[in-house]
Amino acid sequence: MSIDVIKMGGAAGVSTQALVADVEAQLAAGRRLVLVHGGSDETNRLGQAVGHPPEFVTTASGHTSRRTDRRTLELFMMATALVNRRLVEGLAARGVLALGLSGIDGRLLEARRKPHLRVVDNGRVRILRDEWTGTPTKVNAALLHTLLDAGYTPVIAPVGLGQGGEALNVDGDRAAARVAGALGAQSLTLLTNVPGVLRSFPDESSLVSHVPESELAALMERTEGRMKKKLLGAQEALAAGTQRVMIADGRVEAPLAAAFAGRGTLITAGSGAPSETASEAPSESPAETRPEASR
Ligand code: ADP
């Protein structure tokens, strides 16, 4: 049965309650879901509380990254663990058999460490060391398939496992893209606190509703900040074989139903118009395929 991968943003404004209710509904309708989440907002809050405030840098390639020294990595692990537990708690309260994991559990998500970060600071390039960030490289798809086959809904925190066995802060969108690619997912949905990609941010009426893969690179060049990283995730998922990536609003009542119905920015493989059938719910009868106890 096909799988849909969902990334829930770590930014303020996205409702966990609305998401878990919709996850329950989508599972009941026969979908198989894998959830990946962020933790940026919670990491910022924790850092402020313990006197280690967040610092953001712009890399030489134009992306925005969190400066992650060892202390920040540890705060990131605590904060993402809390986000993970809240999601699992919310799902458990609705009878969903959710299983919380981070990428270091069971070698779920391997990553390549960036030994240093080249950042642009007042127009000058600076090298930052003591960096604990990584780029997701490999997913233990067999583990996820085992969990899904046993009826669990995996919930993944964006902590990667470096080659030396070290934990690394990885970007949640790119982690979700890797997971979608490795699982052969039919779709990847990136829920965030805007309606999708905005042509002229922050004007919410300037939503870009469809982007074929062939036009993605040009859109990325025009897009800045955090949204650029999401588009990079979308590009990576398409390159790994995912046919549809949605960047959609996580602040609405039923965010998954809306995204699956095509609301948001839909990015499709190839160069054509979006396929009519790809967003359809699974054809199998929920009663046959999703026994109550296996959600
Ligand atoms: P999340 O934590 O939900 O993954 P991010 O903060 O990483 O969200 O990315 C979403 C943010 O990207 C938006 O809240 C917005 O501030 C920013 N952004 C920058 N450019 C754009 C754009 N062109 N369209 C939409 N959002 C944009």
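**Close-up views of a predicted model**

View 1. Helix α3, residues 70–93, has 24 residues, and its first and last C-alpha atoms are 35 Å apart, close to the 34 Å expected at 1.5 Å a residue. That expected span is 1.5 Å times one less than the number of residues. Helices (H or I, at least four residues) and strands (E, at least two) are DSSP runs, numbered from the N terminus. This is a predicted model, in which local features need pLDDT of at least 70 and side-chain atom pairs count only at pLDDT 80 or more, while totals for chains, interfaces and linings use all residues. Residues are numbered from 1 along each chain as its sequence is written. Look for the buried residues of α3: T72, L73, L75, F76, A79, T80, V83, N84, L87, V88 and L91. A residue counts as buried if 20 or more other C-beta atoms lie within 10 Å of its own, as exposed if 12 or fewer do, and as partly exposed in between, with C-beta atoms placed from the backbone. An α-helix has 3.6 residues a turn, so residues three or four places apart point the same way. After α3 comes G95, with a positive phi near 85°.

**View 2. The open sheet of eight strands.** The strand order is β5-β10-β2-β1-β13-β15-β16-β14, and the pairing is mixed. Two strands pair if DSSP finds at least two bridges between them. At the edges stand β5 (98–102) and β14 (210–212), each with a single partner strand, so one side of each is left without a neighbour in the sheet. From one strand to the next, the twist averages 20°. Helix α3 packs on this sheet and touches β2 (32–37), β5 and β10 (153–157); the direction of α3 makes about 160° with that of β10. For such angles, axes are lines fitted to C-alpha atoms, for helices over the stretch in contact, and the values run from 0 to 180 degrees between N-to-C directions.

**View 3. Strand β15 and its two partners.** Strands β13 (residues 187–192) and β15 (residues 244–249) run parallel and are joined by six bridges. Between β15 and β16 the pairing is antiparallel, over four bridges, and I247 has T265 of β16 as its bridge partner. Six of the six residues of β15 are buried, so this strand is largely enclosed by the rest of the structure. Helix α7 lies across β13, β15 and β16 (265–268), at about 155° to β15.

**View 4. L35 and its surroundings.** L35 is found in strand β2. Is L35 buried or exposed? It counts as buried, with 25 C-beta neighbours inside 10 Å. K7 is 28 residues away from L35 along the chain, yet their C-alpha atoms are separated by 5.8 Å. Beyond its neighbours within four places in sequence, L35 is in contact (C-beta atoms, placed from the backbone, within 7 Å) with I6, M8, L87, T153, P154, V155 and I156.

**View 5. The open sheet of four strands.** The order here is β4-β3-β7-β8, with antiparallel pairing. The edge strands β4 (64–66) and β8 (124–128) each pair on one side only. Neighbouring strands of this sheet are turned by 55° against each other on average, direction ignored. Three bridges link β3 (residues 56–59) to β4 in the antiparallel sense; one of the pairs is F56 with R66 of β4.

View 6. In the loop between β13 and β14 sits P202, joined to F201 by a cis peptide bond with omega of about 5°. R107, in the loop between β5 and β6 (109–113), has a positive phi near 50° although it is a residue other than glycine. R107 is partly exposed, with 13 other C-beta atoms within 10 Å. D130, in the loop between β8 and β9 (133–139), is not a glycine either, and its phi is positive at about 55°. With 14 other C-beta atoms within 10 Å, D130 is partly exposed.

**View 7. The shell around the ligand.** Which residues are the closest to the ligand? They are G9, A11, T192, R226 and M227, out of 16 residues that surround the ligand, where near means a C-beta atom, placed from the backbone, within 6 Å. Helix α7 (residues 225–239) gives the largest share of this shell, three residues. The shell divides into six nonpolar, eight polar and two charged residues. Here Ala, Val, Leu, Ile, Met, Phe, Trp, Tyr, Cys and Pro count as nonpolar, Asp, Glu, Lys and Arg as charged, and the others, Gly among them, as polar.

Note on methods
Contact = placed C-beta atoms within 7 Å.
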